[in-house]
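Please keep the sequence and the model at hand while reading.

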Amino acid sequence: MKIRAIELTNIRRFAGRSARIEGIGDGITVLSEPNEFGKSTFFDALHALFFERHRGTRQTVKALQPHAGGAPEAAIEIDLPQGSYRIEKRWLSRPTARVLDGNGRIVAQDDEAEAWIDRLLGDGLAGPSGLLWVRQGLLGLEPEGTNANDKNERERGLGARRDLLSSVAGEIELMTGGRRLDAVLARVAEELGRLATTTLKPKAGAEWARAVDEAATLRDQEADLAGKAAGLSGDLARRTEVLRQLKQLDDPETERLRNDALTQAREAQRAALAHAEKLAEARQKLRLAELTVQATQTGIGQLEQLSDRLGRAEAELSQARDRLAKAETGAEEAAAADRLAADALGAASGQAQAIRARLDAAQRALLGRAARERATQLRKTLERAEELQRKRDQDRAQRELTAVNSASVTRAESARETRDRIAAQLEAQSVSVAIRYDGALRISADGEDIPEGSLRLSSARSFLLPGIGTMRVDPGAGAAEGLAEALTRANAELTARLAECGAATVAEARQRLAETQRLDQAMQASAALLAELAPQGLDTLRQELARAEAGAGRAEEPVEDPAGLEAALAAALAAEAEARAQSGAVHARAVTASEGRAVARSTAQVAQAAAEAARIDAGDLGQLARRLHGLRADLVLQTGLQTEAVALCQTLEAAAPDLETVQARLARAESVVTQAQQGRERLRGEYATLNGSIGALAEQGIEERLDEVRGKLTAAEARAARYAAEVQALSRLRSALEDARRKARDAYFAPVLRELEPLLSVLHPGAAMQIDDQSLLPVALTRNGQQESLDILSGGTREQIAILTRLAFARLYAHAGQSVPVILDDALVHSDDDRIEAMFTALHRVAKDQQIIVLTCRQRAFAALGGTRATAVISAI
Amino acid sequence: MTLRFIHSSDLHLGKSFGAYPEAIRNRLREARHGSIARLAQAARQGGATTVLLAGDTFDAETPAPDTLRHALRAMAAEHDITWHMLPGNHDSLAASELWRRIAADGPANLRAVTTPEPIEFLPGAMLLPAPCTQRRPGRDLTEAMDAPTPAGMRRIGLGHGAVTDFSAEEGTAGIIPPDRAAISGLDYLALGDWHGRLQVGPATWYSGAPEADGFKHAMTAGALLVSPGAAVQVVETGQFIWQTLALDVLPGDDPVQQLSQALPDPTLRRDRLLRLVATGRLPLQQRAALDAHAALIGPDFGWFDHDLHGLATETRPDDLDLIDRAGALRQAAEALLSEAGDDSRTSAEREISSAALARLYAFAQENGK
């Protein structure tokens with residue numbers, strides 16, 4: 001269908017007139033007129049012509065009526081493949097609808113005309129208007145209002161899209177499975193939800209989880225029971241073994257063998273011990289024989305030695321006697337010479353000793369004199385020091401009595417100055433009263449008579465004037481009272497400060513301070529002098545004096561000259577030394593001679609004793625020879641006995657059993673018997689224990705329970721496996737369904753996208769659209785890998801997508817053999833210059849085989865669109 | 001006097017059946033206990049006074065006190081019957097506590113055969129037992145059956161263990177030679193261990209358990225009435241029937257009808273444990289129908305389980321039409337179907353996809369077309 005002309009009569013602003021647009025071409029036709037021309041009126045009238053029945057009275061119809069009233073009329077001239085037609089409709093008053101062919105013949109009228117229009121629009125399609133018409137300012141893909149018109153428009157648009165897509169791609173229900181697939185998916189989800197979590201894990205409390213949990217519990221029980229069963233089996237086997245061992249131990253033949261072995265071992269031990277005793281006895285006899293032979297041999301040796309010793313002693317005695325005689329003579333001669341030399345030495349020594357005594361006496365006298373002089377000096381120093389000490393002590397005592405410091409005196413002086421200042425102030429404020437009596441009467445105050453003279457009053461005072469009355473003298477109210485009190489306090493302060501100084505007056509305090517300072521200086525001077533005289537103290541000085549006095553001794557004067565005595569002593573000592581040397585040499589020789597004599601005497605005595613002892617030991621020489629002969633005969637006999645003893649020992653040793661082996665054998669035999677007894681006791685105890693544990697476990701029927709648990713476990717595991725398989729199957733079914741539906745949707749929308757995406761790429765290269773399978777309209781735009789919902793896009797972009805979508809659907813119509821025009825009423829109002837240029841390009845891309853009618857008031861902006869320019873002709877009816 | 005006795009084994013008293021729900025578990029345990037009385041009754045009806053229990057009378061080495069006491073009391077109650085109880089691998093002599101208690105508390109008509117010495121258990125008949133010493137003795141205990149017996153006496157062997165190693169390679173130590181009866185000159189060898197009834201040789205039998213305890217043996221549980229020289233008679237003693245129902249179906253079959261025809265009469269289902277194992281291929285609709293019918297009939301039985309893992313889903317375009325003719329549902333179904341038949345995927349993945357497709361079908365049916 002292509003529109004060639006539109007004609008309105010008595011519609012809205014065209015009341016009483018007709019408006020006709022002509023010259024509408026195949027591609028783009030632009031009707032560019034200023035605002036208020038009535039472009040939207042054309043749009044609405046055209047819409048009503050297609051979709052409002054001629055008998056309709058809905059608001060959309062009434063809205064066409066001009067204010068002046070009358071019946072609105074609209075007509076359209078179209079080209080169809082079968083020819084040209086004119087469609088007319090009149091509403092409200094004498095409504096009518098007509099379809100005329102190119103020759104002006106009525107093809108259909110009224111309801112038949114409406115049916116003709118329906119076929120034109122429908123013919124399997126529910127109507128293109130909602131899909132292809134873009135109203136003024138429309139941003140979205142479809143009307144978004146909630147009124148009935150918008151709803152109808154949406155429903156009509158959806159129906160049109162559904163019909164269109166069904167015609168080019170098939171029924172969406174058929175493609176995606178629709179509600180049936182939803183229901184199946186819901187059942188899958190229900191079954192899965194009954195068994196599993198969203199991550200396909202067993203769902204707590206559900207059958208699968210219960211089977212898994214039961215299997216886990218049974219597995220634990222199975223392990224526990226298997227352990228007990230194994231223990232029971234082990235106990236049973238052990239008890240059998242224990243019984244076998246007990247039976248073996250209790251076997252009489254085995255026990256007899258054990259006892260026989262023990263008896264034999266004990267007998268062998270007794271025999272071995274007896275043999276050992278015999279051997280020990282033989283060894284003892286052999287030892288005795290050996291000792292006897294050895295003793296005889298020793299005796300023979302001793303007798304032979306004795307004979308030799310006697311001969312040697314006699315010879316040595318003779319030689320000793322000769323050497324003694326010679327020594328006696330030499331010793332007597334040396335002793336005589338020694339005596340002479342000793343006498344000479346005694347004389348020289350006496351001379352020297354006498355001179356030394358005289359020299360000592362002279363030196364002692366000189367030392368005593370020096371000591372007495374030292375004592376005198378020390379005594380004087382001590383007396384002086386002691387005097388200084390006493391004086392310092394006195395000064396210290398005085399200093400303690402007059403102790404006052406300069407600060408106390410300064411405070412006392414300050415207190416006195418304060419007191420004097422207050423007293424002066426008080427004096428300045430006092431009055432002077434002069435009294436002179438002429439008679440006997442006297443003035444009294446406070447009960448006392450006031451003598452004549454001058455009286456100063458610093459405070460108010462009352463006087464009794466006898467016979468006259470009382471006179472009160474007041475030096476001034478108030479001021480003096482404060483000063484008097486201050487004076488009292490100052491006096492008290494002064495008294496206290498003077499007391500600190502131990503003085504009655506400030507002058508006295510000052511004197512005491514001077515005295516104190518003087519005493520300090522005196523003590524310092526005494527201390528310095530004492531330190532000079534007795535640096536180590538008086539006691540040390542006194543001790544030095546005592547030592548000096550002790551060394552002085554008694555007063556003696558020297559009698560000889562020490563120097564002369566020292567020379568004489570030296571000569572005497574030299575003489576004495578020479579005598580001593582000579583005497584020493586002589587004496588040494590005398591001593592040597594004496595010692596040689598003593599040695600000779602001793603040697604002679606020893607030789608004498610040895611000769612006598614040898615004689616005694618040897619006795620009679622004949623007897624000695626007999627004894628030696630006898631011993632040699634005994635030795636022959638004893639050697640024979642020793643040989644016999646050796647042979648006996650060797651025989652016994654060769655036949656002796658190994659006692660350690662015999663004892664080991666006995667120990668083993670005893671151990672076997674003992675072990676048998678202990679083993680029997682141990683096994684009986686173990687048997688009793690095993691009986692207890694076996695009985696306890698047997699009472700529990702462990703194996704039956706284990707078998708039962710294993711059976712249950714097998715069933716639970718099988719059940720869990722079945723549920724797992726069920727979940728796997730359901731999961732696989734779900735993914736298969738979702739995958740199939742996704743593919744179906746892709747296939748369903750493929751024609752739309754195929755038309756839309758080239759147009760979209762004019763504005764947004766590389767962009768893609770996502771289409772909602774409910775509204776069958778784009779819902780999201782993907783640019784640069786990022787998907788954006790249409791709701792968040794700018795108004796301009798949304799408007800552009802709305803137009804491009806209509807263009808795409810229009811091309812689909814064309815492919816379906818239903819070429820329908822696209823009508824844009826003041827569209828692209830939100831697009832910027834660049835985008836509008838791009839949109840014009842897109843429109844031209846479609847306009848090659850698509851009629852597009854553009855109504856616009858933007859003459860300059862749409863000048864760049866190109867296309868055919870249509871004109872509107874307005875004429876009176 | 002004719003030598004006659006009942007040969008039974010593997011009562012497994014005290015078996016817990018823990019893998020089964022509580023209600024059927026208790027019934028199964030009680031049925032095992034009841035087998036004592038049924039064995040006694042079988043003996044009486046067969047004219048026998050002796051029951052040989054060839055091992056595994058108890059399921060555990062140390063059965064629960066009540067299990068043991070109830071069993072001993074039940075045997076005592078059958079005072080006209082003499083029970084010869086041989087240790088098996090489950091209740092071997094290593095279970096000394098069990099045999100100590102039996103010795104202490106067992107009734108006079110119960111003889112615990114705990115040594116391999118031959119005993120005259122019936123007039124003119126010697127019993128040559130081979131009690132299990134351990135759970136896995138590791139040697140052929142039946143060698144003891146070579147022991148001599150007085151001339152003219154019948155020789156009846158009583159043993160427990162495998163003649164054929166059903167679980168391991170051949171030649172495993174401890175296997176009873178199949179010709180033990182001939183080797184040891186036995187008139188009859190009564191064996192236990194195999195829970196199904198099995199004749200090993202002319203005079204060698206496994207009696208099987210008197211009460212079935214699993215789906216392994218597709219036969220009615222019972223005992224053997226033995227009279228050497230005569231044919232061995234099978235005496236049914238089982239209360240419960242364990243049945244595995246294999247249903248092999250193909251497209252075009254009506255699986256529900258087939259199942260209904262294969263099922264026992266509803267009045268016989270309470271004492272039956274039935275495991276339905278479906279194999280073959282079915283379209284989605286028939287599979288769902290079979291699944292639903294199985295769920296419907298399940299409560300009829302003492303226990304019921306249906307395993308459809310072996311049942312492939314054969315899906316044709318028409319079948320997917322039942323989900324949807326086009327659109328996403330159809331696309332999802334086709335994707336799952338493709339995965340279910342994709343050999344490059346693991347079997348687990350294929351099973352998941354197949355199950356997902358089945359769920360899709362069920363959910364789609366709930367929501368109509």
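Helices (DSSP runs of H or I, at least four residues) and strands (DSSP runs of E, at least two) are numbered from the N terminus. The model is predicted, with local features requiring pLDDT of at least 70 and side-chain atom pairs counting only at pLDDT 80 or more, while totals for chains, interfaces and linings use all residues. Residues are numbered from 1 along each chain as its sequence is written, and chains are lettered from A and ligands numbered from 1 in the order in which they are written.

Two residues are in contact if their C-beta atoms, placed from the backbone, lie within 7 Å. On this basis 44 residues of chain A meet 37 residues of chain B. The elements of chain A that give two or more residues to this side are α6 (172–176), α7 (178–195), α8 (207–250), α16 (659–699) and α17 (702–763), and the largest share, 23 residues, comes from α17(A). By class, the side of chain A that touches chain B holds 23 nonpolar residues (Ala, Val, Leu, Ile, Met, Phe, Trp, Tyr, Cys and Pro), 13 charged residues (Asp, Glu, Lys and Arg) and eight polar residues (the others, Gly among them).

Two residues other than glycine have a positive phi, as tabulated here.

A residue is buried if 20 or more other C-beta atoms, placed from the backbone, lie within 10 Å of its own, exposed if 12 or fewer, and partly exposed in between. A:Asn10 is buried because 22 other C-beta atoms lie within 10 Å, whereas A:Asn784 counts as exposed because it has 8 C-beta neighbours inside 10 Å.
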